[in-house]
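Have a look at the structure first, and then we'll walk through it piece by piece.

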Amino acid sequence: MTRNFLFLLGSSRGDGNTELLARRAAEQLPPGTTRRWLSLAEHPLPDFEDLRHDSDHVRPSEGPAALLLDATLAATDLIIASPLYWYSVSAHTKRYLDHWSGWLRTPGADFRRTMAGRTLWGVTALAHAEEEVAEPLVGTLNHTAAYMGMRFGGVLLGNGSRPGDILADSAAMARAKAFFAQEPPLARFPYED
Ligand SMILES: Cc1cc2nc3c(=O)[nH]c(=O)nc-3n(C[C@H](O)[C@H](O)[C@H](O)COP(=O)(O)O)c2cc1C
């Protein structure tokens, strides 16, 4: 199966450290791999409204929700490239993930069955020197993948505050080169280990 990598950029600024790190990792993808880059800030989703128990969700036919749903369903590999904001994913990213709760109940989308077995990856820049402070973000993405029956490739972390700082994190740049070479396992909740 041809692999389609969808990079979802979750920063609230353009050309930031997270995107630089993700682009460095993407350079290593084999030729012929499809890559698509979408900025969640440039395709703003409305705030998620929880209609799960009130009415049927209607499949969006236009606008950012339709674009992002269709792009997500077409991706074999979904890369959440979100900076660390308050120890977790950015608000743009969180709003996108909240919309999954609607898409799970959208007739015709078959969202869970389509996403099961596909791979979720994370790429994150953070200003803090100690990477373990990103554990809430890593847990969010791992547990999301486990809930969806997806594989989880882990989170590529790099250090930086101002745009471009991350290029000086040579360990992160080296990790980026090997990041997508892994064969990720199915994600598991911690209590399943
Ligand atoms: C709203 C906001 C919250 C942030 N929260 C954290 C944080 O919790 N921990 C941290 O290490 N850095 C934090 N930062 C710093 C960013 O993670 C850092 O500047 C990163 O390089 C931004 O990525 P970007 O360049 O891709 O936008 C925060 C920055 C912003 C704007």
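Which residue follows helix 5, and is its phi positive or negative? That residue is Gly 149, and its phi is positive, near 70°.

## Ground rules

This is a predicted model, so to speak with care: local features need pLDDT of at least 70, side-chain atom pairs count only at pLDDT 80 or more, and totals for chains, interfaces and linings use all residues. Residues are numbered from 1 along each chain as its sequence is written.

## Helix 5 and what it packs on

Back to the helix in the opening question. Helix 5 takes in residues 135–148, which makes 14 residues. From first C-alpha to last it reaches 20 Å, close to the 20 Å expected at 1.5 Å a residue (the expected span is 1.5 Å times one less than the number of residues).

Its buried residues are Leu 137, Thr 140, Leu 141, Asn 142, Ala 145 and Met 148. A residue is called buried if 20 or more other C-beta atoms lie within 10 Å of its own, exposed if 12 or fewer, and partly exposed in between, with C-beta atoms placed from the backbone. Those buried residues of helix 5 pack against strand 3, helix 4, strand 4 and strand 5.

## Around the ligand

How many residues surround the ligand? There are 19, and the closest are Ser 11, Gly 16, Thr 18, Pro 83 and His 128.

Sorted by class, the shell has 10 nonpolar, seven polar and two charged residues. For that sorting, Ala, Val, Leu, Ile, Met, Phe, Trp, Tyr, Cys and Pro count as nonpolar, Asp, Glu, Lys and Arg as charged, and the others, Gly among them, as polar.

The largest nonpolar core has 44 residues, and Leu 8, Leu 21, Ile 79 and Val 123 touch the most other members. Such a core is a set of buried Ala, Val, Leu, Ile, Met, Phe, Trp, Tyr and Cys residues joined through C-beta atoms within 7 Å. Leaving aside neighbours within four places in sequence, Leu 21 is in contact with residues including Val 123, Ala 125, Leu 156 and Ala 176, where contact means C-beta atoms, placed from the backbone, within 7 Å.

Why does Val 123 count as buried? Because 31 other C-beta atoms lie within 10 Å of its own. Val 123 is found in strand 4, and, again leaving aside neighbours within four places in sequence, its contacts include Thr 18, Leu 21, Ile 79 and Val 155.

## Loops on the outside

The loop between helix 3 and helix 4 holds Arg 105, Pro 107 and Asp 110. Arg 105 counts as partly exposed because it has 15 C-beta neighbours inside 10 Å. Pro 107 is exposed, with 9 other C-beta atoms within 10 Å, and Asp 110 counts as exposed with 12 such neighbours. Beyond four places in sequence, Arg 105 is in contact with Arg 52 and His 57, while Pro 107 is in contact with Asp 56 and Arg 59. Pro 107 and Pro 83 are 24 residues apart in sequence and 32 Å apart in space, C-alpha to C-alpha.

Asp 110 has a phi near 50°, a positive value in a residue other than glycine. Trp 86 also has a positive phi near 50°; it is found in the loop between strand 3 and helix 3 and counts as exposed, with 9 C-beta neighbours inside 10 Å.

## What the record says

How values were computed. Near = placed C-beta within 6 Å. Helix = DSSP H or I, 4+ residues; strand = E, 2+ residues; numbered from the N terminus. Contact = placed C-beta atoms within 7 Å.
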